[in-house]
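Work through the exercises below with the sequence and the coordinates at hand. Try each task before reading its solution.

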Amino acid sequence: MNAASTLPVRPAGEAAPPPSRVVAVVGPPNSGKSTLFNRLTGLRQKVANFPGVTVEQHLGKLRIEDEAELDVIDLPGVYSLNPRSEDERVTLDVLMGRMEGVPRPDTILLILDVTNLGRHLVLAAPVLALGLPTLIVLNMADELERRGGDVQVEELARRLGAPVALISAASGEGYDTILQFLRGRIGIPRPVELPALNDLPRCREWAARLGAEAKYLPPAPPVWTRRLDSLFLHPVAGPLVFLAVVVGVFQTIFSAAAPLMDLVDRAVGASGDLVGRLLPDGPLRSLVVEGIWGGVGSVLVFLPQILILFLFIGLLEDSGYLARAALIADRTMAKVGLQGKSFIPLLSAYACAVPAIMATRTIENKRDRIATILIAPFMTCSARLPVYTLIIAAFLPETPLLGPFLGTRAAALLGLYVLGFAAAVVTARVLKSSILKSERTPFVLEMPPYRRPTLRQVGLRLFDRSKVFLRRAGTVILAMSILLWGLAHVPTKNGKAPEIADSFAGTIGRTVEPLIEPLGFNWKIGIGLITSLAAREVIVGTLGTIYGIEGEDDGAGLQAALRHDLTPAGAVALLVFFAFAMQCMSTIAVVRRETGGWTWPILQFTYMGVLAWVGAFVAFRLVTALLA
Amino acid sequence: MPHTRPPATLLDLRKGEEAILDRIDLPDDVSLRLMELGFLPGSRVAASFRAPGGDPRVFRVDGTEVALRCETAARLHLRPLPKPGAASAT
């Protein structure tokens with residue numbers, strides 16, 4: 001790599017440069033690190049966890065014309081390299097080449113928010129002390145200019161002993177300088193003496209002095225952030241906006257998603273018919289049409305709903321409103337023993353518990369964090385939607401309650417959301433006053449300025465989510481569908497498929513029937529409950545497959561078949577069961593990883609399972625008595 | 001009266017009011033984290049918005065805004081501005 005060899009600074013003791021260059025992106029939170037990373041790597045990135053720890057690592061590839069491909073690592077946002085928190089330890093380990101399975105970076109892009117240069121420049125001291133070729137990337141150049149700030153880049157580079165680029169990661173301005181640097185086309189100034197790293201006040205003074213020498217003129221405070229905050233944090237208007245945002249998000253998810261879901265549904269149906277006509281009659285056609293299309297297709301329909309939910313969470317997060325929401329929620333969260341920072345993971349748990357549980361790592365207090373992990377799966381995740389929607393539509397006729405604003409079905413759905421939330425709150429209270437009791441930890445949260453979310457950033461996020469969802473549909477749900485179809489077709493009788501009741505699947509269902517009969521469920525529901533241990537929405541596919549094999553249609557047919565097999569009381573019990581039970585392998589796996597062992601996930605699975613059974617039993621008895 | 005006595009901790013600052021941070025009376029790990037966010041002894045701190053209900057509160061320090069619960073803010077001790085009336089934006 002001739003490009004690398006022109007850089008004067010190289011770690012000592014390295015004879016030949018490695019075949020590919022590895023670039024680490026480092027920076028404080030809210031400096032635009034991820035935006036830069038996304039701009040560098042685009043769609044060519046993957047998200048994983050660093051081995052052995054809970055910190056997410058983003059890896060991507062960057063090809064600069066006619067040069068070899070570069071690996072780009074996006075490190076967690078940190079204010080310092082003191083290895084106190086997990087994020088800081090990981091960042092330091094990766095930069096020192098001590099992280100197993102992660103290539104040692106040979107180049108660093110240190111991204112800092114130029115509108116807050118003095119404070120952000122503090123991080124330059126420990127990063128430059130590592131001795132790796134480093135480009136100081138000053139982000140938010142457009143904002144600095146708009147708000148009347150200024151800085152002399154060349155002077156700063158000279159004083160820092162490192163090249164400096166002034167860019168805007170959002171618009172791409174100045175991006176070329178970064179590529180030039182990565183190609184080794186930018187000279188590195190002579191290194192300078194750095195302040196003692198463990199002396200924070202001295203480091204801050206050093207940063208202030210550098211700023212003054214580079215004629216740094218801090219920008220005026222962001223006017224729009226003040227204006228928006230005086231509304232969003234207004235004693236009366238603030239909570240109202242907060243409520244409106246939460247209700248609006250849910251309303252849109254249900255109303256806006258419906259036509260899109262119809263579209264996917266029709267596409268799935270049409271393609272299934274087409275494939276069915278192309279295949280000869282026989283077991284293969286049955287497997288493909290009933291097993292795969294019936295199973296996977298009935299879950300795919302929910303992609304639009306899930307994407308709309310993630311679109312909102314992305315917009316709220318990127319705009320900066322989520323930090324205000326955490327502030328408003330803090331008092332309420334404090335009442336159940338948690339803190340405002342638990343609000344963000346819990347809100348994203350409405351989409352999916354897996355990213356929510358990963359997001360709990362922003363909570364420094366270990367006990368608060370575990371409590372948040374334990375209650376997150378009670379929040380009504382998007383995988384429950386298919387189940388709820390199906391059962392409610394099958395049993396509850398739609399009648400308007402509040403004119404056009406609220407119908408019985410939406411009200412029932414809202415009730416289930418409240419039920420899950422109540423279970424979470426009660427559980428949190430119990431945990432925080434018993435096994436997870438702790439000192440109240442200080443709630444310290446930086447309020448970033450409001451920023452306009454970029455299409456690119458939000459789009460990438462949605463792309464990422466679709467990939468995860470489709471991968472799940474293509475693996476877990478596909479495998480379960482095929483397995484179930486197989487179990488429903490053996491043992492063969494006289495070379496013919498058995499009645500489903502006599503098949504292996506039927507036998508398994510009848511074996512668990514005594515356990516679930518008190519809840520009003522028969523063996524067919526039992527099969528669904530077992531397959532939905534993999535993922536909740538699988539039950540819809542399973543019932544689709546079972547009734548498909550029985551010769552019923554899907555869609556309205558599935559609803560009719562359900563009405564045949566469940567009493568209204570049983571339907572309520574099934575809804576309650578799904579509200580409480582932890583039927584999700586991915587969540588169990590992520591809890592095990594985040595808590596570092598099997599203790600918590602086993603405890604959680606058992607607790608939620610018992611609560612689900614008892615809750616469903618009570619619901620069944622209660623509704624049966626009421627309807628009698 | 002609180003109007004005549006200079007504010008002793010961050011909790012005593014009224015919205016828009018400004019003072020100099022003197023010391024942080026909190027465990028090391030918390031105070032270091034606060035220092036990283038800009039709460040260094042000797043720096044200017046101004047009270048900004050509050051959450052509806054008054055707790056937590058937002059403070060403006062070193063070019064950024066940070067939210068703290070009242071119980072934490074009460075542990076950040078202040079000294080008055082050197083020259084009253086010479087307040088300038090941080």
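**Conventions**

This is a predicted model, in which local features need pLDDT of at least 70, side-chain atom pairs count only at pLDDT 80 or more, and totals for chains, interfaces and linings use all residues. Residues are numbered from 1 along each chain as its sequence is written, chains are lettered from A and ligands numbered from 1 in the order in which they are written, and side-chain values use heavy atoms, with hydrogens and water left out.

**Exercise 1. Describe the build of chain B.**

Step 1: list the elements. Chain B has two helices and five strands. Helices (H or I, at least four residues) and strands (E, at least two) are DSSP runs, numbered from the N terminus. Their order from the N terminus is β-α-β-β-β-α-β.

Step 2: look at burial. Of the 90 residues in chain B, 54% are buried. Buried means under 20% relative accessible area, exposed over 50%, and partly exposed in between (1.4 Å probe, protein chains only).

Step 3: check the contact range. Take contacts in chain B between residues at least 6 apart in sequence: 60% of them join residues at least 24 apart. Contact means heavy atoms within 4.5 Å.

**Exercise 2. Characterise the interface of chain B and chain A.**

Step 1: count residues. Chain B brings 30 residues to the contact and chain A brings 37.

Step 2: take the area. About 2900 Å² is buried between the two chains, and carbon and sulfur atoms give 58% of it. Buried area is the accessible area (1.4 Å probe) that two parts lose on being put together, summed over both.

Step 3: count the polar links. There are 10 residue pairs in polar contact across the interface, both residues at pLDDT 80 or more. A polar contact is a pair of N or O atoms within 3.5 Å; within protein, one must be able to donate a hydrogen and the other to accept it, and residues adjacent in sequence count only if both atoms are side-chain atoms.

Step 4: assign the chain B side to elements. H1 (28-36), S2 (44-50), S3 (57-61), S4 (64-68) and H2 (70-73) of chain B each supply at least two residues. H1(B) gives the most, with seven residues.

**Exercise 3. Which backbone features call for a second look?**

Step 1: recall the background. Most residues other than glycine have a negative phi, and most peptide bonds are trans.

Step 2: check the peptide bonds. The bond from B:Asp55 to B:Pro56 is cis, with omega near -5 degrees. B:Pro56 sits in the loop between S2 and S3 of chain B.

Step 3: check phi. B:Asp62 has a positive phi of about 50 degrees. B:Asp62 belongs to the loop between S3 and S4 of chain B and is buried at 19%. A:Lys215 has a positive phi of about 55 degrees. A:Lys215 lies between helix H9 (200-213) and helix H10 (223-232) of chain A, in the loop, and is exposed at 54%.

**Exercise 4. Locate a nonpolar surface patch on chain A.**

Step 1: name the members. A:Leu515, A:Val610, A:Trp613, A:Val614, A:Val618, A:Leu622, A:Leu626 and A:Leu627 form the patch, with about 800 Å² of accessible area together. Patches are made of residues with over 30% relative accessible area and no salt bridge: like charges are joined within 9 Å, nonpolar side chains (Val, Leu, Ile, Met, Phe, Trp, Tyr) within 5 Å.

Step 2: assign elements. Helix H27 (residues 599-627) of chain A gives the largest share, seven residues. A:Leu515 is in helix H21 (residues 504-516) of chain A and is exposed at 59%.

Methods: Accessible areas come from the Shrake-Rupley method with a 1.4 Å probe; for residues, only the protein chains shown count as cover. A salt bridge is a side-chain nitrogen of Lys or Arg within 4 Å of a carboxyl oxygen of Asp or Glu.
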